[in-house]
Amino acid sequence: MLTDLQIAFIGGGTMGEIIISRLLATKTVDKPELIIVGEPVAARCLDLEKKYGIRTTSSNLEAVQGAAIVILAVKPQVLASVMTTLKDKIAPEALVISIVAGASIPSLCQGLNHAAIVRTMPNLPVEIGHGTTVWSASENVTEIQRSLTQVILQALGQEFATQSENYLDMATALSSAGTGFVFLYIEAMIDAGVQIGLTRTQAQELVLYTIAGSVEMMLQTHEHPAVLRNKVTSPGGITAAGLYELEKGGLRTVVSNAVLTALTRTQKLSNMS
Ligand SMILES: NC(=O)c1ccc[n+]([C@@H]2O[C@H](COP(=O)([O-])OP(=O)(O)OC[C@H]3O[C@@H](n4cnc5c(N)ncnc54)[C@H](OP(=O)(O)O)[C@@H]3O)[C@@H](O)[C@H]2O)c1
């Protein structure tokens, strides 16, 4: 639990609200008044105050005053102006956690003139506490601040620290864009079920539980996927016939190309910012 630490959010949009709601739902933060959000839209502020009992302000400077942790949750296009306002205004001993896609640690350190920066990449299921967040810290982040980061990110699901920031772009391609790839596969399987005669409801339930069961089996057995796949692939059998079509259609290459293209796009956007 983050006892008595003031947390400032810069930006109270979709991601900001998700993190606030998870921090409060998991009792990671037990006093809502310890959270303050810097957000320009008055109606949004009112909504957040009513829903969560937190404090809000239209002034980012006011938000960071006295904050032990500052969470940057604005869109990349407004980051530069936000950093200009906050430069030299965040307490040197505070930890800054950024969820802004593509904003590198050196650019955040320089833009804010602040040494302790953690850059994160959360994916969509953080919304329900089953997310995956990969993170990397600047050299000046202390052990205590690393632990605080873990406590915050664990409220959103699994967290993985990486030594090098390069891995964050890879994580974006695999676990963030990857969420979209998985949903497309799920959609394709459901459509295939409908095509062979199942109702959409039946197909959806079958596909979801098949995927959930397969994932759980891998998590529990730690087996290589090929080992588990071979268990259901009897010689000349039904699964073998279907797998042949997937291989013939280039499934592995298509997936690999999708991840590679997503990585290239992420790196390009990172360079542009
Ligand atoms: N959505 C995702 O799944 C996801 C996943 C990983 C990372 N991210 C990253 O998370 C960040 C936030 O994304 P989001 O989806 O939460 O965006 P969002 O809903 O647009 O939230 C950003 C919020 O910041 C506010 N804002 C704008 N200018 C501001 C300023 N000068 N000071 C303080 N607040 C300001 C916006 O207000 P207005 O509405 O007035 O602009 C909005 O409420 C992005 O950098 C994105 O790359 C998102």
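Student: Which residues does UniProt list for the Pyrroline-5-carboxylate reductase catalytic N-terminal domain?

Tutor: The record, an unreviewed entry, gives residues 6-102 for that domain. Keep in mind that what we're looking at is a predicted model. In it, the span 6-102 is 40% helix and 20% strand, and its end C-alpha atoms lie 26 Å apart.

Student: How many residues surround the ligand, and which are the closest?

Tutor: There are 25 residues around the ligand, and the closest are Gly 11, Gly 13, Thr 14, Met 15 and Ala 101.

Student: Which helix gives the most to that shell?

Tutor: That's α4, with four residues. Two helices, α1 (14-25) and α4 (76-86), each supply at least two residues of the shell. By class, the shell residues split into 14 nonpolar, eight polar and three charged.

Student: On to the other domain, then. Where does UniProt put the Pyrroline-5-carboxylate reductase dimerisation domain?

Tutor: Again from an unreviewed entry, the listing is residues 165-269. That span is 85% helix and 0% strand here, with its end C-alpha atoms 15 Å apart.

Student: How do I read two helices packed against each other?

Tutor: The general idea is simple: you describe the pair by the angle between the axes and the distance between the axes. Now try α7 (residues 166-195) with α8 (residues 200-221): they pack at about 135°, and their axes are 8 Å apart. That angle makes α7 oblique to α8. The crossing of α7 past α8 is right-handed.

Student: Which residues of α7 and α8 meet?

Tutor: From α7 you have Ile 186, Met 189, Ile 190, Gly 193 and Val 194, and they meet Arg 200, Ala 203, Gln 204, Leu 206, Val 207 and Ile 211 of α8. Sorted by class, the residues of this contact are eight nonpolar, two polar and one charged.

Student: What about α7 and α11: at what angle do they cross, and within what distance do their axes come?

Tutor: The axes of α7 and α11 (residues 251-272) cross at roughly 125° and come within 9 Å. So α7 is oblique to α11. This crossing, of α7 past α11, is right-handed.

Student: And which residues meet there, between α7 and α11?

Tutor: On the α7 side they are Asp 169, Met 170, Thr 172, Ala 173, Leu 174, Ala 177 and Phe 181. On the α11 side, look for Ala 258, Val 259, Ala 262, Leu 263, Thr 266, Gln 267 and Ser 270. The contact of α7 with α11 has nine nonpolar, four polar and one charged residues.

Notes: Residues numbered from 1 in each chain as written. Predicted model: local features only at pLDDT ≥ 70, side-chain atom pairs only at ≥ 80, totals over all residues. UniProt positions renumbered as here; feature names shortened; annotations may be inferred. Near = placed C-beta within 6 Å. Nonpolar A, V, L, I, M, F, W, Y, C, P; charged D, E, K, R; others polar. Axes fitted to C-alpha atoms, helices over the stretch in contact; angles between N-to-C directions. Parallel < 35°, antiparallel > 145°, perpendicular 65-115°, else oblique. Left-handed = near helix turned anticlockwise from the far one by under 90°. Contact = placed C-beta atoms within 7 Å.
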